[in-house]
Every structure is written in structure tokens, then in C-alpha cells.
Amino acid sequence: MSRTIRVSTTLALLGAGALSACGGEAAAPSARVYSTGAGERLSAPSAEPAAAVAGQFLRAQGQARAADALQIAAEFRASKSGLRHVRLEQQVAGLRVYGAYARAAVNDRGELVHLIDNLAYLAA
């Protein structure tokens, strides 16, 4: 089965505005968006919870340490589409990493259909 995964980077303007308001000179944070074409999925079917499906995908993208630092912040099922949506926050040593998150949508077969992340890099 051949599949194409599109990854795009989105400028986080709110973060950039907050940084410039504080006089910071660092680059604005950006989010990675993982999506596919119609009828395609980012992962195979799974019986795991949506947060676990998202974590497995992030590990496959080389973000194992960041995926291990995620905690569920919110989770709900959309009534019309049936998609399970989960918002995850990154925590290190019990402290939330400011601005670091992942958001995922998983269908009723446990397939990841969309993921956005703005996770901080965690060195080994």
C-alpha cells in the first residue's frame, strides 16, 4: 500500500507576538502538520486509545522522547464525524512545557487521520 504524507510548517503568530512584546529575539515557534489525501490514513487501524495512537505515530517520526513526555489535556468525540480528538501537553519533570502540544484526530477504526504538533526537542 502506497501512501503520501504531507508535512507542513505553520508559523505560530501568537507566540511570535508574545515573544516580540517581551523584547525577545528568538525565532517564532512553528507547528508541524501531518495530513494525507482523501481516503488515506497516517496509521494502521488500532484498538488503542487516541493518545496512544498519536504517540506511536510521533515515535515513528523520530520524536520518541517528546512522545513519552505527553499527557492528555483534553479528549472528546465529535458527534457528527465520530472522530476522537485528543489534545496532549508536553511535560518534563512534572512541569508543563510552555507552548508545547500535540493535537490528533483518530477515526472509529483507530486510524490517525490528522496530527498537529509543536513539541520541544528533548535531547537523549
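Start with the rings: a search of the whole structure turns up one aromatic pair (rings of Phe, Tyr and Trp, the last by its six-membered ring, with centres within 6.5 Å; planes under 30 degrees apart are stacked, over 60 edge-to-face, the rest tilted). Select Tyr 34 and Phe 57: their ring centres are 5.1 Å apart and the planes meet at 80°, so this pair is edge-to-face. It links distant parts of the chain, with Tyr 34 in strand E2 and Phe 57 in helix H2, 23 residues apart. Both Tyr 34 and Phe 57 are buried (under 20% relative accessible area; exposed is over 50%, partly exposed in between, with a 1.4 Å probe and protein chains only).

A word on what you're looking at: this is a predicted model, where local features need pLDDT of at least 70 and side-chain atom pairs count only at pLDDT 80 or more, while totals for chains, interfaces and linings use all residues. Residues are numbered from 1 along each chain as its sequence is written, and side-chain values use heavy atoms, with hydrogens and water left out.

Now colour by secondary structure. You'll see three helices and six strands (DSSP runs numbered from the N terminus: helices are H or I of at least four residues, strands E of at least two). From the N terminus, the order reads β-α-β-α-α-β-β-β-β. Of the chain's 124 residues, 32% count as buried.

Next, select Ser 43, in the loop between strand E2 (30–36) and helix H2 (50–60). Is Ser 43 buried or exposed? Ser 43 is buried, at a relative accessible area of 17%. Show its side chain: a polar atom there lies 2.9 Å from the backbone nitrogen of Leu 112.

Then jump to Glu 89 in strand E4 (residues 84–92). With a relative accessible area of 18%, Glu 89 is buried. Its side chain makes a 3.3 Å polar contact with that of Arg 96 (N or O atoms within 3.5 Å; within protein, one able to donate a hydrogen and the other to accept it, and sequence-adjacent residues count only if both atoms are side-chain atoms). Setting aside neighbours within four places in sequence, Glu 89 also touches others, including Ala 69, Leu 70 and Ala 100 (contact means heavy atoms within 4.5 Å).

Last stop: select Arg 103 and Tyr 101. The charged end of Arg 103 sits over the Tyr 101 ring, 4.9 Å from its centre (the rule: NZ of Lys or CZ of Arg within 6 Å of the ring centre and within 35 degrees of the ring normal).
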